[in-house]
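Here is a walk through one protein model. Keep the coordinates open as you read.

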Amino acid sequence: MTRIGLDFDGVVVYDPVRIIRAPVKWFKKNVLKKNKLSFFVPKNSWQRWVWKTIFSSSIWPAKGIDLLRQTSRNKNVEMHLITGRFDFMDAHLENWLTKYKLNGSFKSVNINRQEQPHLFKERMINELKLDYFVEDNLDVVLYLAPRVKAKILWIYNILDANKNYGDRFPYLEKALVWISGQ
Ligand SMILES: [Mg+2]
């Protein structure tokens with residue numbers, strides 16, 4: 001049995017919002033002098049509304065969801081969705097999976113409840129005993145890779161394509177093809 005975990009935003013959906021993360025990260029590092037890995041957690045209803053609005057823009061399926069659907073039908077493969085999004089966005093995620101006929105493709109859908117996304121993902125990768133995990137955020141990739149048994153595959157984008165990480169892929173389909181060849 002091969003167990004594959006996928007991040008949602010930026011892996012299963014193409015995420016245009018990712019592009020704005022680079023300047024935000026630069027600002028935090030160089031202006032606020034914050035180097036510790038931590039993510040903003042929306043607390044009140046206004047912040048949640050802003051987040052929902054931003055994430056509603058992540059609407060396009062990534063190149064590779066057809067292969068994802070096919071791969072999930074293989075009896076020797078288990079697919080798990082692990083998303084760092086917060087639980088108040090459950091409805092949006094479910095609607096999206098149904099719309100693209102992916103609601104039957106995952107053995108489990110794991111949604112973050114208030115944890116820091118990288119810690120949540122680390123815990124889930126271990127609990128689900130994953131062999132592979134596909135993630136688009138390089139900070140999260142670099143955090144997870146030395147800490148878990150699963151092989152961490154990175155989906156890069158045009159802004160961070162120059163960064164160095166061995167197991168890097170431009171989009172989901174390439175990552176799934178690579179896994180199928182292991
Ligand atoms: Mg992501």
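**From fold to detail**

The protein chain has seven helices and eight strands. The model is predicted. Of the 182 residues in the protein chain, 31% are buried. Take the contacts in the chain with a separation of 6 or more: 70% of them come from residues 24 or more positions apart.

Start with the core. The largest nonpolar core has 34 residues. Val11, Val12, Val134 and Leu172 have the most contacts inside this core. Strand E7, residues 151–155, gives the most to the core, with four residues.

Now move to Ile155. This residue is found in strand E7. Is Ile155 buried or exposed? Ile155 has 26 other C-beta atoms within 10 Å, so it is buried; the cut-off for a buried residue is 20 or more. Beyond its neighbours within four places in sequence, Ile155 is in contact with Gly10, Val11, Val134 and Asp136, among others. Phe169, Tyr171, Leu172 and Ala175 are also contacts of Ile155. Look at Phe169 in particular. Ile155 and Phe169 are 14 residues apart in sequence, yet their C-alpha atoms are 4.9 Å apart in space.

Next, helix H7, residues 172–180. The buried residues of H7 are Leu172, Ala175 and Leu176. These residues lie on the same side of H7, because they cover an arc of only 95° around the axis. What do the buried residues of H7 pack against? Their partners are H3, E6, E7 and strand E8, residues 168–169.

The H3 partner deserves a separate look. Helix H3 spans residues 65–73, and its axis comes within 8 Å of the H7 axis. The two axes cross at roughly 30°. H3 passes H7 in a left-handed crossing. On the H3 side, Leu67, Leu68 and Thr71 take part. They meet Leu172, Glu173 and Leu176 in H7. By type, the residues of this contact of H3 with H7 divide into four nonpolar, one polar and one charged.

Helix H5 is the next stop. H5 covers residues 117–127, and its buried residues are Pro117, His118, Lys121, Met124 and Ile125. They are on the same side of H5, because their arc around the axis is only 130°.

Finally, turn to the backbone. Most residues other than glycine have a negative phi. Just after H5, Lys129 takes a positive phi of about 50°. Lys129 lies in the loop between H5 and strand E6, residues 132–135. Lys129 counts as partly exposed, because it has 13 C-beta neighbours inside 10 Å.

The other lysine is Lys101. Its phi is near 55°, a positive value in a residue other than glycine. Where is Lys101 found? Lys101 is in the loop between helix H4, residues 90–99, and strand E5, residues 108–112. Lys101 has 11 other C-beta atoms within 10 Å, so it is exposed; the cut-off for an exposed residue is 12 or fewer.

Technical notes: Residues are numbered from 1 along each chain as its sequence is written. This is a predicted model: local features need pLDDT of at least 70, side-chain atom pairs count only at pLDDT 80 or more; totals for chains, interfaces and linings use all residues. Helices (H or I, at least four residues) and strands (E, at least two) are DSSP runs, numbered from the N terminus. Two residues are in contact if their C-beta atoms, placed from the backbone, lie within 7 Å. A nonpolar core is a set of buried Ala, Val, Leu, Ile, Met, Phe, Trp, Tyr and Cys residues joined through C-beta atoms within 7 Å. The arc is that of the directions from the helix axis to the C-beta atoms. Axes are lines fitted to C-alpha atoms, for helices over the stretch in contact, and angles run from 0 to 180 degrees between N-to-C directions. A crossing is left-handed if the near helix is turned anticlockwise from the far one by less than a right angle, and right-handed if clockwise. Ala, Val, Leu, Ile, Met, Phe, Trp, Tyr, Cys and Pro count as nonpolar, Asp, Glu, Lys and Arg as charged, and the others, Gly among them, as polar.
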